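This briefing covers sheets, a helix pair and a pocket. Please keep the sequence and the model open while reading.

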Amino acid sequence: MNYQIIDAHAHLWLKQDTVVDGLPIRTLENGRSLFMGEIRQMVPPFMIDGVNSAEVFLSNMDYAQVSAAVITQEFIDGIQNDYLWEVVNRYPNRFLVCGMCEFRKPGFLPHAKELIEQGFRAIKIPAQRLLLPEGRICLTNDEMMQLFHLMEERDILLSIDLADGDLQVGEMKEIIQECPNLRIAIGHFGMVTRQGWEEQIKLARYENVRIESGGITWLFNDEFYPFQGAIRAIRQAADWAGMEKLMWGSDYPRTITAITYRMSYDFICKSNELTEEEKRMFLGNNAKKFYGFKNLIELPYIKNMSE
């Protein structure tokens with residue numbers, strides 16, 4: 001395989017034990033979780049204890065020949081800063097990890113400063129979770145803008161997932177114009193399959209903004225493998241913003257309840273609608289430059305027993 005692969009959107013946790021919009025999320029057994037009022041298959045059933053560890057992920061990465069990964073965070077998993085700091089110190093050449101604060105309440109800035117001083121090179125904001133029942137939290141409020149200016153000054157990357165469509169695009173434009181040197185990675189491929197997704201993609205026309213495809217197989221789950229709609233969306237996004245602005249992400253481990261980890265990218269390798277150079281850019285080269293990965297491991301192909 002001629003591709004060096006980097007996963008720009010994955011998750012790790014030891015246990016889910018949190019509350020979102022007043023509803024509990026708890027790790028159960030056999031890969032299941034209590035998720036906001038119902039039982040959901042959160043991770044594959046062979047992960048019987050529900051622990052989504054770095055070591056299990058590394059085994060998947062090695063098998064799928066994925067050299068490195070960006071570990072993002074989401075409120076539905078609980079804040080995982082302590083564990084992720086252990087992970088990045090244990091495996092510094094395999095992971096870049098994002099710190100996360102309790103952005104749903106004011107007063108998060110001192111914690112964000114602590115994370116930056118600790119050494120986190122990226123901060124994650126699950127902005128789609130800021131549309132709270134008691135009112136929407138604006139991404140351009142004073143405390144947020146103080147954070148973004150600090151991140152720009154310290155070259156701390158912003159990883160952010162936005163609400164469907166263009167709801168938060170105007171706020172993002174204001175942030176980008178106010179902080180033109182802030183590196184920004186927008187997740188979930190702009191919530192492709194949702195009306196207005198193209199407005200999120202077009203944010204990547206700004207110099208320091210990128211789009212990563214974490215969750216794209218989930219968003220095209222009804223279509224399923226080989227995800228021809230996802231390929232067409234990647235082709236369309238490249239026309240809007242340029243292939244150099246797009247990066248592959250898996251949204252591991254939730255997406256591999258339906259498909260294997262390798263399947264979350266090999267539909268791209270097998271596509272005839274992308275050139276070999278475009279595949280190399282999308283699967284790893286763009287992320288390597290944007291996130292600053294160095295000393296990437298070369299992984300051999302291991303034959304399956306079924307081959």
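Two strands count as paired if DSSP finds at least two bridges between them. Helices (H or I, at least four residues) and strands (E, at least two) are DSSP runs, numbered from the N terminus. The model is predicted, so local features need pLDDT of at least 70 and side-chain atom pairs count only at pLDDT 80 or more, while totals for chains, interfaces and linings use all residues. Residues are numbered from 1 along each chain as its sequence is written, and side-chain values use heavy atoms, with hydrogens and water left out.

- Four strands form an open sheet with antiparallel pairing, in the order 2-3-4-5.
- Its edges are strand 2 (17-20) and strand 5, each of which pairs on one side only.
- From one strand to the next, the twist averages 25 degrees (angles run from 0 to 180 degrees between N-to-C directions, and axes are lines fitted to C-alpha atoms, for helices over the stretch in contact).
- Strand 3 (residues 23-27) is joined to strand 4 by three bridges, and R26 has L34 as its bridge partner in strand 4.
- Strand 4 (residues 32-35) and strand 5 run antiparallel and are joined by four bridges; S33 stands opposite R40 in strand 5.
- The hairpin of strand 4 and strand 5 has two residues between the strands, and M36 takes a positive phi near 55 degrees there.

- Eight strands form an open sheet with parallel pairing, in the order 1-6-7-8-11-12-13-14.
- Strand 1 (5-10) and strand 14 (246-247) are the edge strands, each pairing on one side only.
- Four bridges link strand 1 to strand 6 (residues 66-71) in the parallel sense, with I5 opposite V66 in strand 6.

**Helix pair**
- Helix 3 (residues 109-118) packs on helix 4 (residues 142-154) at an angle of about 15 degrees, with the axes 10 Å apart.
- The two helices, helix 3 and helix 4, are therefore roughly parallel to each other (angles under 35 degrees count as such).

**Largest pocket**
- A pocket is an open set of points on a 1 Å grid over the protein atoms alone, where a 1.4 Å probe fits, with protein on both sides within 12 Å along at least five of seven lines; lining residues have an atom within 4 Å of a point.
- The largest pocket is lined by 28 residues, and R40, I76, W218, D251 and R254 lie nearest its centre.
- Strand 5 (38-41) and helix 7 (216-219) each supply at least two residues of this lining.

Technical notes: Angles under 35 degrees count as roughly parallel, over 145 as roughly antiparallel, 65 to 115 as roughly perpendicular and the rest as oblique.
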